[in-house]
Amino acid sequence: MAICAAFLVLIIALVVDAGGRLRVAERTDGYAQEAARVGGQQLDEAALLRGEGYKIKQDYVKDAANSYLALYHLSVHDVAFSDDGSSVTVTVQAEYRPALLGELGKQKVTGKGSATLVHGVEKAETD
């Protein structure tokens, strides 16, 4: 009976901690998406005035995203831009510490979010 009870407690701990990891992964994706949105709002005004179109000011994106993520004690892990400079992808890593398994289940969780600079939208874009 004691072996079955110990096994049952272990299974419950695994289920609870797996659910916690999924919550952290979902939250990290949300933070990355919002950080990309904030970073994507950094408009390169000089390029626009030169007639090069709407582009993201790449030098400021990481700072803007880090400013947003600092509210949640996170930071940008990686930033990538599209070839035309109109899209940004932000990667964020968070650390998950399980409630029941302790240091045994500790791991990094990666979230990714992207944003595209749009202007003058009259109808929805379709792929």
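Partly exposed means a relative accessible area between the buried limit, under 20%, and the exposed limit, over 50%. The model shown in these views is predicted.

**View 1. Ser114 in strand β3.** Ser114 sits in strand β3, which spans residues 107-116. Its relative accessibility is 39%, so Ser114 counts as partly exposed. Leaving aside residues up to four places away in sequence, Ser114 touches Gln33, Ala36, Val88 and Thr89. Met1 is 113 residues from Ser114 in sequence. C-alpha to C-alpha, Ser114 and Met1 are 52 Å apart in space.

View 2. Phe7, Leu10, Ile11, Leu14 and Val15 make a nonpolar surface patch. The patch covers about 460 Å². Val15 belongs to helix α1, residues 2-40. Val15 has a relative accessible area of 56%, and because exposed means over 50%, Val15 is exposed.

**View 3. Aromatic pairing of Tyr31 and Tyr72.** The count of aromatic pairs comes to two. Tyr31 and Tyr72 form a stacked pair, with 4.2 Å centre to centre and 20 degrees between the planes. This pair links distant parts of the chain, 41 residues apart. Tyr31 lies in helix α1, and Tyr72 lies in the loop between α3 (58-69) and β1 (76-81). Tyr31 has a relative accessible area of 17%, so Tyr31 is buried. Tyr72 has a relative accessible area of 34%, so Tyr72 is partly exposed.

**View 4. The aromatic cluster.** Tyr31, Tyr68 and Tyr72 form one aromatic cluster. The stacked pair of Tyr31 and Tyr72 is part of this cluster.

Note on methods:
Residues numbered from 1 in each chain as written. Predicted model: local features only at pLDDT ≥ 70, side-chain atom pairs only at ≥ 80, totals over all residues. Heavy atoms only, no water. Helix = DSSP H or I, 4+ residues; strand = E, 2+ residues; numbered from the N terminus. Buried < 20%, exposed > 50% of the residue type's maximum accessible area, 1.4 Å probe, protein only. Contact = heavy atoms within 4.5 Å. Patch = residues over 30% accessible without salt bridge, like charges linked within 9 Å, V, L, I, M, F, W, Y side chains within 5 Å. Areas by Shrake-Rupley, 256 points an atom, 1.4 Å probe, with all protein chains shown as cover. Salt bridge = Lys/Arg side-chain N within 4 Å of Asp/Glu carboxyl O. Phe/Tyr/Trp six-rings, centres within 6.5 Å; stacked < 30°, edge-to-face > 60°.
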